[in-house]
Amino acid sequence: MKIISSPRLLQKEIIRLKKKGKVIGFVPTMGYFHEGHLSLIRRAREDCDIVVVSIFVNPLQFGPKEDLKGYPRNIKKDISLCRNYADILFCPNVKAMYPDDFLTEVKVGRLGDILCGVSRPGHFKGVSTVVNKLFNIVLPDKAYFGQKDAQQAAIIKKMACDLNMPVEIQVLPIVREYDGLAMSSRNVYLSYTERKEAVVLYKSLILAKDLIKDGVVDCAKVIARMRSYILKTKSAKIDYIRIIEPKTLVAIKKIKREALVLLAVFIGKTRLIDNILIKR
Ligand code: AMP
């Protein structure tokens, strides 16, 4: 596995590989790998000739009061976890990605202002800007994202479509811990008790799934039941619970065929997100 930190050198290397007809697969990450990341990297390995993984904790997607400084990092461990699957690990520094005179931003309209965008203003503008830059550097044929960040995946798909990007966006299922908690680099912030209580997110999604299976189609009712279930957990504070149409992210009132139930909940000080796709 080659480790490259210069955007220009990586782009040159990719152009060389593409001239040879290689199919480039790309997995953008912020590092501190867990099985969720590795599932994307392994899939890219199966699908593509060349697998590029990036690790970049993108300052543009963190709010001023968020955890940019304390975001968990362990580059050595990440290297050992991905070296058998990736051909190139791209680890640029902040100056290389955002020189002092950097100005251009990419914003995917209303999709960035709803759901997580309400409590994290500017977050998705940061995400779409960095992914756009990364796509221009890596020139991937296929790029892999996790359903764990459902809104992010929808925004990236829309950006790629709206801006005619010649890349196929693959969205892979959520990888969970033994008890159902969605894997996340931020789970490391949880205390022992909070970690046990954090399973409430997943359990509330299963409650929603069961209610819908039993014929409850009124979204307000499903959300109310989830809300009261979650609030039985001491450390939990709900940011939002929504039921939406998966592609457009528009809220729905009654569940007909497909619905995406998603939520963001603080467990203590840690904000966690999760979702489940429900088909009737
Ligand atoms: P991150 O490093 O948290 O920015 O995540 C990098 C990529 O991994 C994103 O596309 C995430 O959606 C994906 N990802 C994170 N957690 C999981 C998970 N539990 N299961 C599947 N994909 C995940």
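This is a predicted model: local features need pLDDT of at least 70, side-chain atom pairs count only at pLDDT 80 or more; totals for chains, interfaces and linings use all residues.
View 1. A polar backbone atom of Met-30 lies 2.9 Å from an oxygen atom of the ligand. Val-175 places a backbone N or O atom 2.8 Å from a ligand nitrogen atom. Met-183 has a polar backbone atom 2.9 Å from a nitrogen atom of the ligand. Taken alone, the ligand exposes 480 Å², and the protein buries 93% of that.

**View 2. The shell around the ligand.** Strand E2 (24-29), helix H2 (35-47) and strand E5 (142-146) are the elements that give two or more residues to this shell. H2 provides the largest share, three residues. Of the 18 residues around the ligand, those that come nearest are Met-30, His-37, Asp-149, Val-175 and Met-183. By type, the shell holds nine nonpolar, seven polar and two charged residues.

**View 3. Aromatic pairs.** The whole structure contains five aromatic pairs. One of them is Phe-62 with Tyr-71, edge-to-face, with 5.9 Å centre to centre and 80° between the planes. Phe-62 has 9% relative accessibility, so it counts as buried. Tyr-71 also counts as buried, at 7%. The ring centres of Tyr-98 and Phe-102 are 5.0 Å apart; their planes meet at 70°, so this pair is edge-to-face. Tyr-98 is buried, at 10% relative accessibility, whereas Phe-102 is partly exposed, with a relative accessible area of 26%.

**View 4. A ring cluster and a charge over a ring.** Phe-26, Phe-135 and Phe-145 are linked into a cluster by ring pairs. Elsewhere, the charged end of Lys-237 sits over the ring of Phe-266, 5.1 Å from the ring centre.

Note on methods. Residues are numbered from 1 along each chain as its sequence is written. Side-chain values use heavy atoms; hydrogens and water are left out. A residue is near a molecule or strand if one of its heavy atoms lies within 4 Å of it. A polar contact is a pair of N or O atoms within 3.5 Å; within protein, one must be able to donate a hydrogen and the other to accept it, and residues adjacent in sequence count only if both atoms are side-chain atoms. Accessible areas come from the Shrake-Rupley method with a 1.4 Å probe; for residues, only the protein chains shown count as cover. Helices (H or I, at least four residues) and strands (E, at least two) are DSSP runs, numbered from the N terminus. Ala, Val, Leu, Ile, Met, Phe, Trp, Tyr, Cys and Pro count as nonpolar, Asp, Glu, Lys and Arg as charged, and the others, Gly among them, as polar. Rings of Phe, Tyr and Trp (its six-membered ring) pair if their centres lie within 6.5 Å; planes under 30 degrees apart count as stacked, over 60 as edge-to-face and the rest as tilted. Buried means under 20% relative accessible area, exposed over 50%, partly exposed in between (1.4 Å probe, protein chains only). A charge sits over a ring if NZ of Lys or CZ of Arg is within 6 Å of the ring centre and within 35 degrees of the ring normal.
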